[in-house]
Amino acid sequence: MTVPIGPAPHPLAELSQLEFVRARDAILKIHGANQPLFFRAIYLQEPVKAELLPFLEAEHAGRLTAATPRPARTAFVEYDVLEAGAQLFHRAVVNAATSQILSNDQIPRKNNGFPHYNVNEFELFEGYCLKSEKVKEALKEYRIPEGFEYCIDPWPYGGPDEDDGIPKFMQGLIFIRDARKKNPDTNHYAYPIPLIPVMDWSTKEIIRIDRLPTGGSEDGMEPSIASAEPRNIFSKSVPAEYVPELLDMPAARDDLKPLNVVQPEGASFKVHSDNLIEWQKWRFRLSISPREGAVLHDICYDNRSVLYRLSYSELTVPYGDPRAPFHRKQAFDFGDGGIGRAANSLKLGCDCLGAIHYIDACFPAADGSPTKLDSAICLHEQDGGILWKHTNFRTNRGVVARMREFVVQFIGTLANYEYIFAFKFDQAGGITVETRATGMVSIVGIEDGKTSKYGNVVSPGILAQNHQHIFAVRIDPAIDLYGGDNNGHTQVVVEESHPHKMNAETNPHGNYYEVRRNPVERATWIDSEVRLNRTIKLENPVKKNPISGKSVGYKLVSPATQMLLADTDSRVAQRARFAQHNYWVTGHRDGEFWAAGEFTNQSTFEEGGVSDMVKRGDTFVVDGVQPTSQTSAPVVWSVFGFTHNPRVEDWPVMPVEVHQLHLRPADFFAANPALDVPTKKNDSSVLVACCDVDDKAN
């Protein structure tokens with residue numbers, strides 16, 4: 001390992017607390033003590049790729065000196081200037097060493113999208129609603145059981161209707177919770193009230209109350225009508241508790257013996273103070289983005305580069321209930337609020353098992369002061385089953401190596417849903433990006449005895465609506481870039497396996513199939529095609545495998561999933577054009593990280609996302625041709641989703657749904673790179689008898 005020279009931090013190291021405060025103070029200074037500000041985000045602005053790559057190459061070659069040019073360390077600051085009835089959004093870049101403000105732009109309010117919401121704003125929303133006379137008056141329409149109290153979940157407003165104008169809105173879903181149980185974790189989702197308050201965020205005023213339809217699908221699209229007398233809509237409601245002390249059932253299962261992950265000699269990975277991580281032959285740097293969560297940089301195997309940057313980019317969750325106002329239930333969980341800011345503080349022995357190292361995050365409070373989120377990311381090892389095995393049938397000797405995986409994991413909670421994000425590294429040069437969804441399904445009320453084609457009744461009076469979760473992972477490849485004659489660009493190839501017609505000359509027995517390769521020459525989208533085994537390959541066209549003679553590379557394997565189901569002309573689809581195809585290949589631009597564009601909050605169409613990037617028509621180098629000023633390095637976006645038509649088994653907490661995409665070496669090595677993994681038998685394994693004593697006696 002090469003350690004950076006001198007006192008300057010690594011260009012990819014997280015902002016120190018001193019740098020964080022220095023950036024905040026620079027902003028405070030230019031506005032003066034009397035100008036109220038609201039800070040949304042302060043984090044490291046990543047160096048320009050063209051400046052960082054030479055530094056990384058020198059680092060990996062062991063050529064760093066005190067004189068090696070370093071990209072300047074800069075802080076990216078998002079904040080609002082608060083004025084009467086307005087929040088003026090600013091984006092600034094501050095030199096983290098000198099406090100010099102390099103840029104400071106006010107982003108005007110516009111029809112297509114607003115700045116993301118902050119966790120602090122979500123927390124304030126409920127209080128504003130409950131103080132509203134409009135909300136209080138509307139709630140009188142419903143009879144609330146004695147001992148229950150109101151709670152309101154904040155929700156992004158989704159794609160606004162044509163006549164909504166341009167105010168920044170927030171909407172809320174109203175529930176009641178059983179306060180008689182004297183437990184703050186009692187489940188309020190069992191008791192929805194069919195009202196949605198809509199608030200103008202600038203004035204903090206509730207501008208209207210939307211009434212929700214509660215009939216079955218045969219009852220039309222209209223919402224319920226206000227009643228002169230309070231209605232009892234909870235007469236048949238039943239609790240839906242999930243915390244152990246509130247469960248109305250026999251004690252927890254007692255037939256499970258302990259299953260402990262024990263590492264008596266500690267962990268096999270090493271974490272440095274600047275978040276450089278080393279495990280086996282892997283080496284990479286880790287940062288935490290308030291929008292993306294965990295971001296991995298400069299991923300190398302045995303000092304050979306694989307990826308420049310890897311992260312989740314976006315997630316949209318559109319609901320399939322066509323009745324107004326449910327068409328506005330479409331969250332962008334990265335762009336609207338930030339999955340990093342919503343990260344859980346993970347607990348030892350619960351979210352990760354074994355020998356664990358935690359990484360803390362630092363986010364700004366409303367006044368810009370650094371606020372630590374403990375244990376936002378966990379690092380650990382786990383057994384991944386058999387890595388490779390072969391039994392010689394002549395001698396009956398089997399040799400087997402177990403797969404050890406190194407996991408970088410974080411978990412985000414967005415009101416009702418939990419998402420578990422994991423980057424998993426193995427000993428054969430593979431990377432798996434694993435996504436899990438759990439938590440509570442988003443529900444609405446339905447009248448007793450009704451059913452709906454828009455979802456499933458999961459409990460009396462509870463309709464869990466059909467919906468989708470569509471994710472985008474951003475992959476910035478760097479296949480074996482360091483050292484040698486290299487043009488610095490990875491080549492993207494679409495590889496397919498086609499049947500070949502039986503013929504006397506080339507396929508006399510009909511068993512031949514043809515592998516076709518199509519280099520991607522221009523920015524485009526690509527859809528999966530399982531019948532052709534369509535595979536995306538990331539290759540270095542200059543470096544060849546010494547055995548096969550093919551370009552060294554990695555293949556991207558992501559199981560085909562259903563894409564966005566909303567009509568392509570709908571506002572739902574126009575806001576999330578990224579969700580219409582399985583892959584996008586775009587030209588690299590510094591700071592271009594967002595599949596659906598920067599401003600998704602209340603957007604009306606996708607602006608600056610992958611569909612706009614493709615429209616630029618960027619071209620790529622093919623077959624080792626040297627890049628020119630007109631060619632770009634490619635970035636690959638892998639898009640996948642869960643189409644969630646809820647089951648009763650998803651209530652009240654859904655078991656995890658899991659998706660994995662894999663990056664696997666393809667002619668990157670000269671042989672199986674995991675031959676040196678120990679094949680020693682695990683001495684902690686024990687034999688369990690098949691029968692108990694009584695069974696044997698009989």
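1. In this predicted model, helix α1 is followed by Gly32, a residue whose phi is positive, near 85 degrees. The helix itself runs over residues 17-31, and because its 15 residues at 1.5 Å a residue should span 21 Å, the 22 Å between its end C-alpha atoms agrees with expectation.

2. The buried residues of α1 are Glu19, Phe20, Ala23, Arg24, Ala26 and Ile27. Viewed down the axis of α1, these buried residues fall within an arc of 150 degrees, so they line one face of the helix. An α-helix has 3.6 residues a turn, so residues three or four places apart point the same way. The face turned away from the buried side of α1 carries the exposed residues Gln17, Leu18 and Lys29, while the cover over the buried residues includes strands β1, β2, β3, β4, β16 and β17.

3. Tyr417 lies in strand β19 (residues 417-425), and it counts as buried because its relative accessibility is 3%, under the 20% cut-off. Beyond residues up to four places away in sequence, Tyr417 touches several others, among them Tyr319, Met440, His467, His469, His644 and Met654.

4. One of these partners, His644, is placed in strand β33 (residues 634-644) and is likewise buried, with a relative accessible area of 6%.

Key:
Residues numbered from 1 in each chain as written. Predicted model: local features only at pLDDT ≥ 70, side-chain atom pairs only at ≥ 80, totals over all residues. Heavy atoms only, no water. Helix = DSSP H or I, 4+ residues; strand = E, 2+ residues; numbered from the N terminus. Buried < 20%, exposed > 50% of the residue type's maximum accessible area, 1.4 Å probe, protein only. Contact = heavy atoms within 4.5 Å. Expected span 1.5 Å × (residues − 1). Arc of directions from axis to C-beta.
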